[in-house]
Amino acid sequence: MTISQNLADILARIAAARKAAIAPAPQTRLVAVSKTVPETGIREALAAGQRLFGENRVQEAQAKFPALKNDFPDLELHLIGPLQTNKVKEAAALFDVIQTLDRSKLADALAAERDKNGTCPRLFVQTNTGEEPQKAGVLPRDTANLIAYARKLELPLEGLMCIPPAEDDAAPHFAFLAKLARDHGLAHLSMGMSGDFELAVKFGATHVRVGSAIFGARAAIE
């Protein structure tokens, strides 16, 4: 199947999952994860009408998206990989949303960049719901403090994001994140990937992140 056919299939599955859900989010948006995907593949998705993309690395996104954003002014780019503080300036200039705020030091850097250049992408806090040491994200017990800190800095915090452990049933992780968002008055939930996005829709995902099911198996990168 082509990228455009894959996109149509995923969008149809999201629509079906929303119809079957008891209380879906008001809207569920598809983030097409384009890490390692060449510009030609992204342009094929754009030609099919997709406008929301996710990248894991600032440097890779810088090589592809300035020209694409120039050609498609309504393109929206999300950072879904960890962000180092020394990349905050570049990230703030390129990304519309950063889904991976996970520590106060990064919040400080984003606030400093905003104060200096007037630019701050919309933000999600990434919660490490599985408490996996090798994975980015703030621990569940520390999430409330980070939300409060980001709000104290008057950062544009909109939602929460998680990546459940691959071996776990994702449902409890999605349910936990949804409750956390409700408890803190956050409207957006980024959860669910190629293998479990329909389940995420059931739990109220506003954003699902799908890569390989759209673009095919990822190429290895150095």
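Analyst: A polar contact is a pair of N or O atoms within 3.5 Å, in which, within protein, one must be able to donate a hydrogen and the other to accept it. The model discussed here is predicted.

User: What makes the pairing of the side chains of Gln99 and Ser190 a polar contact?

Analyst: The side chain of Gln99 lies 2.6 Å from the side chain of Ser190. The limit is 3.5 Å, and the value of 2.6 Å falls within it, so the pair is counted as a polar contact.

User: Where is Gln99 placed, and why is it called buried?

Analyst: Gln99 belongs to strand β4, residues 97-101. Its relative accessibility is 0%, and buried means under 20%; Gln99 is therefore buried. Beyond its neighbours up to four places away in sequence, Gln99 touches Ser190 and Arg209, with Val31, His78, Phe124 and Met161 also among its partners.

User: What makes Leu123 a buried residue, and which residues does it contact?

Analyst: Leu123, in strand β5 (residues 122-126), has 0% relative accessibility. That value is under the 20% cut-off, so Leu123 counts as buried. Its contacts, leaving aside neighbours within four places in sequence, include Ile98, Leu101, Leu110, Leu155 and Pro156.

User: Why is Met193 called partly exposed?

Analyst: The relative accessible area of Met193 is 33%. Exposed requires over 50% and buried under 20%; 33% lies in between, so Met193 is partly exposed. Met193 sits in the loop between β7 (188-190) and α8 (197-202), and touches Ile163, Arg209 and Val210 when residues up to four places away are not counted.

User: Thr36 and Glu131 both have a positive phi. Buried or exposed: how is Thr36 classed, and why?

Analyst: Thr36 has a relative accessible area of 18%. This is under 20%, so Thr36 is buried. Thr36 is in the loop between β1 (29-33) and α2, and its phi is about 70° although it is not a glycine.

User: Why does Glu131 count as partly exposed?

Analyst: Glu131 has 43% relative accessibility, which lies between the 20% and 50% limits, so it is partly exposed. Glu131 is located in the loop between β5 and α6 (140-152), and its phi is near 50°.

User: How do you know that α2 and α3 are roughly parallel?

Analyst: The axes of α2 (residues 39-47) and α3 (residues 58-71) cross at roughly 25° and come within 11 Å. Angles under 35 degrees count as roughly parallel, so the pair is classed in that way. The crossing is right-handed. In the contact, Glu39, Ile42, Arg43 and Leu46 of α2 meet Lys64, Phe65, Ala67, Leu68 and Asp71 of α3. By class, these comprise five nonpolar, no polar and four charged residues.

Technical notes: Residues numbered from 1 in each chain as written. Predicted model: local features only at pLDDT ≥ 70, side-chain atom pairs only at ≥ 80, totals over all residues. Heavy atoms only, no water. Helix = DSSP H or I, 4+ residues; strand = E, 2+ residues; numbered from the N terminus. Buried < 20%, exposed > 50% of the residue type's maximum accessible area, 1.4 Å probe, protein only. Contact = heavy atoms within 4.5 Å. Axes fitted to C-alpha atoms, helices over the stretch in contact; angles between N-to-C directions. Parallel < 35°, antiparallel > 145°, perpendicular 65-115°, else oblique. Left-handed = near helix turned anticlockwise from the far one by under 90°. Nonpolar A, V, L, I, M, F, W, Y, C, P; charged D, E, K, R; others polar.
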